[in-house]
Amino acid sequence: MVSSMKTWRDQNYYEILEVDPQATDEEIRIAYEKLKTTYSPSSPGIYALFTPQEMKEILAKVEEAYRVLSNPRNRNEYDLMLRGEKTEVTIPAPAPAISLHRHLGPAELREALGGEEGPFSGENLRKIREYLSLEADEVARETKIGRNNLSSIEEEDINSLPALVYLKGFLKAYAKVLGLDPYKVIEDYLARITRKGYQRE
Amino acid sequence: MYGEKREKNIWAIGGGKGGIGKSFVVANLGIALCERGKEVILVDADLGGANLHTLLGITYPTITLDDFIRKEVRNIEDVLVETEVPHLKLISGSLDILTMSNPKYTQKQRVIRHIYSLDADYIIIDLGAGSSYHVLDFFLVSERGIFLITPEPTSLENAYRFLKGVFFRKLRNLTSQYEVKKIIELAMDRGNPEGIKTPFDLLERVEGIDREMGALLKEEIRRFRPQLIVNQVRNRAEAEIGFFVKSACRKYFGIELSYLGYIFYDHNVYLSIQKGRPLLLNHPTSDAARCIRDITSKLINGGELSWSLR
């Protein structure tokens, strides 16, 4: 990507996310995740360049850019606008966060799982989700896990599960939404599917 | 590709913070380039804290940059010493702390001029810690200086400050116009009374004073493409810090940094330094040595890491 000597305030969504206008959905998602970490208040040393206020503004722009570019219809509209074939674009409203700092205690876990506290199998993850009255679509939107991948995870369908590196990321995101310890979930889940014969690197 | 004349690459390696492995990287990059059949000269410009020679197994350099600075020898080639690696030569740093840690401007210019005249495929300059003008000016001998950082917050903080210093120093050196110089100096302090908050504000202001100068500075910023190496990386998340720095540089300065790669934290580095033998010779197949070879091939081919590490 060529630097365009434009301040981030004037950059278009592709420039904000530092991706090529032809970037795939996956590239856009990776860029978004990285930028969120880069401009988070805990990003080491970055205060030497940006004020807290500027970082907040950059993050808001990154979120806005991702909301548009991650939605095929909005992205298409936006591309038309960049080419001057359209004058206005819809910016989707931020999705309401469905789980802020939820933490599921042992008592609730037992209630959700009919007396047990684990293991975190696909079936049990689904039970916990239903216990929290979360729709699969809602979870998919919040975690950016595709609806199909979510089903595969809950069904422990080893033939359609994604490669290990993605699977781990998905399990982590899913565990967070459910208020579970991500590492425990990943450990339990991978142990189960490995026994079932999952071996996608 | 470049005709008969030998393409000469000069890179200075700096990073603001001390103890992050600059000399270690310089020594081993030099060896890795020689492994690929290149002729390499390493210059220890860590004035006042030189120890590149030690890393190359030379305890007492017989002749150093001191001898050149004091004009006891006329040409910088006369202070070149051989190392145990064929085609790898060294200009040892000054060991005379009192006189040489603070050279005069003309002395520094003479050293830089002579470095340009050296005959080799690659010339790598090892810089001291800090962001003093000497360090910044040596870093700016080429458009493609190499920043070295480690994943610690202290290193990153210093690196960003160093980058800022380099950036403003570069712009300042480009103009002889008093008014423009003044405004660049003002801009270095974020709380300046002129309200110049970012490099972009500064460029706008310069354009207002002198349109041509503004365009020139912009062009120079576009051509300025420093490179980045992250040292002592323990996991993938730490390796990804390189991308964060790259993004911050784009968004803050409008400069494109090439992320060349990372070097794993490796106990063999410690062992080789203790032994006084370069890693690439002492532990040629270690993880860190492998990383250095990867970086070397990126350096030679002008490549960099892509956004997602797999």
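This is a predicted model: local features need pLDDT of at least 70, side-chain atom pairs count only at pLDDT 80 or more; totals for chains, interfaces and linings use all residues.
1. Chain B contains an open sheet of eight strands with mixed pairing, in the order β3-β4-β2-β5-β1-β6-β7-β8. The edges are held by β3 (80-82) and β8 (258-264) of chain B; each has a single partner strand, so one side of each lacks a neighbour in the sheet. From one strand to the next, the twist averages 25°.

2. Strands of a sheet pair through backbone hydrogen bonds, in a parallel or an antiparallel sense. In chain B, strand β7 (residues 227-233) and β8(B) show parallel pairing, with five bridges. Within β8(B), B:Y262 is the residue opposite B:V230.

3. Two helices of chain B may be examined against the sheet. Helix α1 (residues 22-35) packs on it and touches β1, β2, β4, β5, β6, β7 and β8 of chain B; the direction of α1 makes about 170° with that of β5(B). Helix α15 (residues 287-301) lies across β1, β5, β6, β7 and β8 of chain B, at about 165° to β8(B).

4. The contact between the chains involves 31 residues from chain A and 28 residues from chain B. About 2,600 Å² is buried between them, and carbon and sulfur atoms give 63% of this area.

5. Three salt bridges are counted between chain B and chain A. One of them joins A:E18 to B:R250, with the closest N and O atoms 2.6 Å apart. Eight residue pairs are in polar contact across the interface.

6. On the side of chain B that touches chain A, α12(B) provides the largest share, eight residues. The residues of this side comprise 13 nonpolar, four polar and eleven charged.

How values were computed: Residues are numbered from 1 along each chain as its sequence is written. Chains are lettered from A and ligands numbered from 1 in the order in which they are written. Side-chain values use heavy atoms; hydrogens and water are left out. Two strands pair if DSSP finds at least two bridges between them. Helices (H or I, at least four residues) and strands (E, at least two) are DSSP runs, numbered from the N terminus. Axes are lines fitted to C-alpha atoms, for helices over the stretch in contact, and angles run from 0 to 180 degrees between N-to-C directions. Contact means heavy atoms within 4.5 Å. Buried area is the accessible area (1.4 Å probe) that two parts lose on being put together, summed over both. A salt bridge is a side-chain nitrogen of Lys or Arg within 4 Å of a carboxyl oxygen of Asp or Glu. A polar contact is a pair of N or O atoms within 3.5 Å; within protein, one must be able to donate a hydrogen and the other to accept it, and residues adjacent in sequence count only if both atoms are side-chain atoms. Ala, Val, Leu, Ile, Met, Phe, Trp, Tyr, Cys and Pro count as nonpolar, Asp, Glu, Lys and Arg as charged, and the others, Gly among them, as polar.
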